[in-house]
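These are my notebook entries on a structure I went through today.

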Amino acid sequence: MSALVLAEHDGGKLNPATLATVTAAAAVGGPVHILVAGGDDASAAADEAAKVAGVEKVLLASDAAYARQLAENVAPLVAGLMDGYEAFFAPATTTGKNIAPRVAAMLDVMQLSDIIGVEGPKTFTRPIYAGNAIATVESSDAKLVITVRATAFDKAAAEGGSASVEAVSGPGDAGLSTFVGLDATESERPELTSAGIIVSGGRALKDSATFEATITPLADKLGAAIGASRAAVDAGYVPNDYQVGQTGKIVAPELYIAIGISGAIQHLAGMKDSKVIVAINKDPDAPIFQVADLGLVADLFDAVPELTGKL
Amino acid sequence: MKILVPVKRVIDYNLKPRVRSDGTGVDLSNIKMSMNPFDEIAVEEAIRLAEAGKADEVVVVSIGPAKAQETLRTGMAMGADRAILVETDDEVEPLAVAKILKAVVAEENPGMVIMGKQAIDDDSNQTGQMLAALLGWAQGTFASKVELDSDAVTVTREVDGGLETVKLGLPAIVTTDLRLNEPRFAKLPNIMKAKKKPLDVKSPSDYRVDITPRLKTLKVVEPPVREAGEIVPDVDTLVAKLKAMGAV
Ligand SMILES: Cc1cc2nc3c(=O)[nH]c(=O)nc-3n(C[C@H](O)[C@H](O)[C@H](O)COP(=O)(O)OP(=O)(O)OC[C@H]3O[C@@H](n4cnc5c(N)ncnc54)[C@H](O)[C@@H]3O)c2cc1C
Ligand SMILES: Nc1ncnc2c1ncn2[C@@H]1O[C@H](COP(=O)(O)O)[C@@H](O)[C@H]1O
């Protein structure tokens, strides 16, 4: 089954979620092609995509209309290319989630969202109810449209492939939407979804200054990314893209340290596949302890500075 | 302008669903059902636009069983003017929901559809994008801010790298994220008033939409349970254990 994978990139660099998506697409069996849609600078990402192991061909669509990944412009491009493919895969990032369902509707296909396993050519597993249940679903559509939970698949090797790059074009600007601006969260830290260690803070951190003063030194010490619960984000301690959970980012680092987070099901949905979970909470009955490998019942304002000092 | 708000009746977000032991699905009998939280945010946003004089009518619509009338009444108690129930006991997938909504849009001619980004039962995060595609409209998904002008809507979107702002021509679809607003609680007098607001009941066949599922659920199981580990007495033990595990 031939598959087209939508690359997530920022012009120059391929997002690692793309590599996990390639693995999922390859598991269905059959050649895998990558589509890099972007502006003038997208050829650098296409060259990177061509090196990904197991990729047969890279399609490069450079057009100012695709530079900002506007779904209204990119979806018709993808739908137009799908004559040649039986399956379309996108990473379940905010970009993939925005574009893929629009493609699915254009093809009259029911999308499979956020798959975590490939069971057969048309059969997949996916979490429902905030990950409290795992469904095995089989598609009866002629083509597949799928978004992939990156943490559930190994990344394809970034080097080793030698795909050809072919220029393609699509309808361009649909004239429906325009990009106004991006208020990017600046950070020197590892990116949340690909970090090896994450230190996350919750409502207990009081305010943004306290969050910073308490969580940041520990994260610095560990070279960790910083995450947060919804409560911490809603209260403005940290930007929205720090939110881990059912409706935020799904993470699965080697080590996840939850500090002052109660462990609501929506939060657990985003982090319970982490390798080692540590929880620090003053409430011994907090649900987070039910998933933690190591739990410390303590006031975080004593325990966290002490932990930072002793690591 | 008229604003259409699709709302779904789902398991209450505070509850942990039970997977049926025969693997056929999730047991929803005797479980509290509520409006999908993202849809409450959508209703709130539409009502605020009406209160600001930027919209003149808010219509809530649900596709689901007769009991979804309660969900629609909740929307009207919050402030929506009227409701449409497209009644069916079948499970309706996002693609079919989008097709029904497209037909409702053709009848109602709203200037905007505001809906949730995700239903917390199927976690699909598809319907809004699909409806936008079927209508050929612009889509502002995962909105944390919506500014409506006469000919365009400017939407701030919660994206992985921060906040993105896009400008959409009208009519358009907006899907809500958590930070867009805090939905109001319906007050008792408004709950009483909502009982008298108009609620039309239709069926999928009224709209000539085929709702035959495209996906077949072969089984539903509980995720592997994570064993609770141990409670350590102090920070020194925590550090020692982490080192022993090779985690730091
Ligand atoms: C539709 C929907 C989607 C949602 N999506 C998400 C999501 O994606 N991610 C998410 O995280 N949430 C999500 N939520 C919210 C979720 O239900 C919880 O409200 C939220 O996770 C709670 O955050 P918290 O644990 O920081 O706060 P709380 O539940 O208030 O917990 C704070 C914890 O800190 C502890 N504490 C307080 N002081 C101290 C101290 N000094 N030392 C140590 N411990 C202390 C308390 O014992 C408590 O356990 C969603 C909710 C809805 C309705
Ligand atoms: N059966 C339904 N009735 C009304 N609205 C729905 C229905 N299903 C989905 N929606 C809308 O589509 C949004 C996204 O749902 P989903 O794509 O299933 O995650 C929801 O938040 C609702 O606004």
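**Entry 1: salt bridges**

I began with B:K8, which counts as partly exposed because its relative accessibility is 26%. I note at the outset that the model is predicted. I then looked for the partner of B:K8 and found a salt bridge between its side chain and that of B:D121, at 3.1 Å from N to O. B:D121 sits in the loop between β8 and α4 of chain B, and B:K8 in the loop between β1 (2-6) and β2 (9-11) of chain B, so the pair ties together parts 113 residues apart in sequence.

I next asked which residue forms a salt bridge with B:R157. The partner is B:E164, and the closest N and O atoms are 2.7 Å apart. I checked the cover on each side of this pair. B:R157 is buried at a relative accessible area of 5%, and B:E164 also counts as buried, at 10% relative accessibility.

I then turned to B:E158, which pairs with B:R179 in a salt bridge whose closest N and O atoms are 2.8 Å apart. This pair links distant parts of the chain: B:E158 belongs to strand β10 (residues 152-159) of chain B, while B:R179 lies in the loop between β12 and α5 (188-194) of chain B, 21 residues away. I recorded B:E158 as buried, with a relative accessible area of 6%.

I also found a network in which salt bridges with shared partners join A:D108, A:D141, B:K99 and B:R214. Over all chains, I noted 29 salt bridges in the structure. As background, I wrote down that side chains of opposite charge can pair when their charged atoms come close.

**Entry 2: helix α4 of chain B**

Is helix α4 (residues 127-135) of chain B mostly covered or mostly uncovered? I found it mostly covered, with seven of its nine residues buried. The buried residues are B:T127, B:G128, B:Q129, B:M130, B:L131, B:A132 and B:A133.

I then looked up what covers them. The cover includes α4 (94-106) of chain A. From chain B, it includes α3 (94-108), β8 (112-116), β9 (138-148) and β12 (172-176). After α4(B) comes B:G136, for which I noted a positive phi, near 70°.

**Entry 3: ligand 1**

How many residues surround ligand 1? I found 29, the closest being A:R203, A:S229, A:V244, A:S262 and A:N281. The surrounding residues come from chains A and B, so I recorded the site as shared between chains. By class, the shell has twelve nonpolar, twelve polar and five charged residues.

I looked up polar side-chain atoms facing oxygen atoms of the ligand. An N or O atom in the side chain of A:Q266 is 2.8 Å from an oxygen atom of ligand 1. For A:H267, a polar side-chain atom lies 2.8 Å from an oxygen atom of ligand 1. The side chain of A:N281 likewise places an N or O atom 2.8 Å from an oxygen atom of ligand 1.

Taken alone, ligand 1 exposes 990 Å², of which the protein buries 85%. The elements that give two or more residues to the shell are α6 (230-234), α7 (265-271) and α8 (300-310) of chain A, together with α1 (37-51) of chain B.

How values were computed:
Residues are numbered from 1 along each chain as its sequence is written. Chains are lettered from A and ligands numbered from 1 in the order in which they are written. This is a predicted model: local features need pLDDT of at least 70, side-chain atom pairs count only at pLDDT 80 or more; totals for chains, interfaces and linings use all residues. Side-chain values use heavy atoms; hydrogens and water are left out. Buried means under 20% relative accessible area, exposed over 50%, partly exposed in between (1.4 Å probe, protein chains only). Helices (H or I, at least four residues) and strands (E, at least two) are DSSP runs, numbered from the N terminus. Contact means heavy atoms within 4.5 Å. A residue is near a molecule or strand if one of its heavy atoms lies within 4 Å of it. A polar contact is a pair of N or O atoms within 3.5 Å; within protein, one must be able to donate a hydrogen and the other to accept it, and residues adjacent in sequence count only if both atoms are side-chain atoms. Accessible areas come from the Shrake-Rupley method with a 1.4 Å probe; for residues, only the protein chains shown count as cover. Ala, Val, Leu, Ile, Met, Phe, Trp, Tyr, Cys and Pro count as nonpolar, Asp, Glu, Lys and Arg as charged, and the others, Gly among them, as polar. A salt bridge is a side-chain nitrogen of Lys or Arg within 4 Å of a carboxyl oxygen of Asp or Glu.
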